[in-house]
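Here is a short report on one protein model and its ligand. Please keep the sequence and the 3D view open while reading.

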Amino acid sequence: MRNMTIKEAHSWASSFLRQHHIDQAPLEAEVLIRNLFQWNRSQLFLQWNQPFPIEKWEPLKQWLDQRIHHIPLQYIVGEQEFYGRPFSVNPNVLIPRPETELLLEHLIHEADQIWQDQPITVVDVGTGSGAIAITLALEKPNWHVHTVDISNAALKTAKKNAIKLEAQVTFHHGDLLNPILESKMKVDLIVSNPPYIPTKDLDDLMPEVKNNEPMLALDGGEDGLQFYRQILQQAEKVLHRPGLIAFEIGIDQSEPIVELLQQKDSKWKLQIEHIKVIPD
Ligand code: GLN
């Protein structure tokens, strides 16, 4: 172990991860080493042929050990990039996903068509790391962005991210839209990436996900649709007209969710004009 260069340490860490069946071993080894020194990529390559400091072996080995025990890389280094910004993450919050970046891209596009540059009020249901709410607040500085979470630990993480990224977001503690209903506030846009995995499928998830990410953020109830149902029920009272609802949904959920939406007249009186499923 002694007298290795950074490059050699990287290649050693990379083979170690590969032996333990970690898919993107060289990339993950690189991320771990960069985080160990708080270096960006170019700093890493500038130091490539320098000696790997002895005192960094122990922390590196501990991280590698966590990784081969399926702790997600993002929880080890405490960060995930989302929409080009670094979000702090920990096991109290879901690691923000690239699919959710897509949701935001489409949502911003749709909202621009309806409201152009008007200042609208938005609520993100289930804030987690704050990825959605904070990104919207930064991308759309004149929007009033609210977000709710039932988990105090998640709210703490999201607030920390809002401070770090200098985003103006109003945080509420409670279940789904309850705090918004209680304050009698009305919003133009509801966005949510709720838990949507049917309870019986949770066991099939990768160990990284099922043993580490919060069940509260994943478990969508018996059919995976529980939270869409509840949010839509509450939406009737919370949403201004015209209003927009943007959901991230799971694979194979578009049909049942479109059906849920189509029950509008009988139950929810949302008077839904357009339903768009992306990608269709
Ligand atoms: N809104 C957060 C995200 O999209 C958390 C979602 C959740 O915990 N289900 O990352």
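UniProt places the feature "domain: Methyltransferase small" at residues 100-201, in an unreviewed entry. UniProt positions follow the numbering used here, feature names are shortened, and annotations may be inferred rather than shown by experiment. The span 100-201 is 42% helix and 21% strand, and its end C-alpha atoms lie 21 Å apart. Helices (H or I, at least four residues) and strands (E, at least two) are DSSP runs, numbered from the N terminus.

This is a predicted model: local features need pLDDT of at least 70, side-chain atom pairs count only at pLDDT 80 or more, and totals for chains, interfaces and linings use all residues. Residues are numbered from 1 along each chain as its sequence is written.

**Domains**

The domain assignment of the protein chain gives domain 1 (6-69) and domain 2 (84-268). Such bounds come from an automatic or database domain assignment. The C-alpha centres of domain 1 and domain 2 are 35 Å apart. Residues 8-78 are 68% helix and 0% strand. The end C-alpha atoms of that stretch are 25 Å apart.

**Helix packing**

Axes are lines fitted to C-alpha atoms, for helices over the stretch in contact, and angles run from 0 to 180 degrees between N-to-C directions.

| Helix pair | Axes come within | Crossing angle |
|---|---|---|
| Helix 1 (residues 6-19) and helix 2 (residues 25-37) | 8 Å | roughly 130° |
| Helix 1 and helix 4 (residues 57-68) | 10 Å | roughly 20° |
| Helix 6 (residues 98-115) and helix 7 | 11 Å | roughly 40° |

Helix 6 is therefore oblique to helix 7. Angles under 35 degrees count as roughly parallel, over 145 as roughly antiparallel, 65 to 115 as roughly perpendicular and the rest as oblique. Helix 1 and helix 2 are therefore oblique to each other too. At roughly 20°, helix 1 is roughly parallel to helix 4.

What is the handedness of the crossing of helix 1 and helix 2? That crossing is right-handed. A crossing is left-handed if the near helix is turned anticlockwise from the far one by less than a right angle, and right-handed if clockwise. Helix 1 and helix 4 also cross in a right-handed way. Helix 6 passes helix 7 in a right-handed crossing.

**Ligand surroundings**

How many residues surround the ligand? There are 13, and the closest are Leu94, Pro96, Gly128, Asn193 and Ala217. A residue is near a molecule if its C-beta atom, placed from the backbone, lies within 6 Å of it. The shell divides into 7 nonpolar, 6 polar and no charged residues. Ala, Val, Leu, Ile, Met, Phe, Trp, Tyr, Cys and Pro count as nonpolar, Asp, Glu, Lys and Arg as charged, and the others, Gly among them, as polar.

UniProt, in an unreviewed entry, places a "binding site" feature at Gly126, Thr127, Gly128, Ser129, Gly130, Asp149 and Asn193. These residues are spread over 68 residues of sequence, yet cluster in space, with a largest C-alpha distance of 11.8 Å. Thr127 is found in the loop between strand 3 (121-125) and helix 7 (131-139).

**Backbone details**

A cis peptide bond joins Arg241 and Pro242, with omega about 0°. Pro242 is in strand 7 (residues 239-247). Another cis peptide bond joins Ile278 and Pro279, with omega about -10°. Pro279 is in the segment after helix 13 (264-268). Gln38 has phi near 60°, a positive value in a residue other than glycine. Gln38 lies in the loop between helix 2 and helix 3 (41-46).
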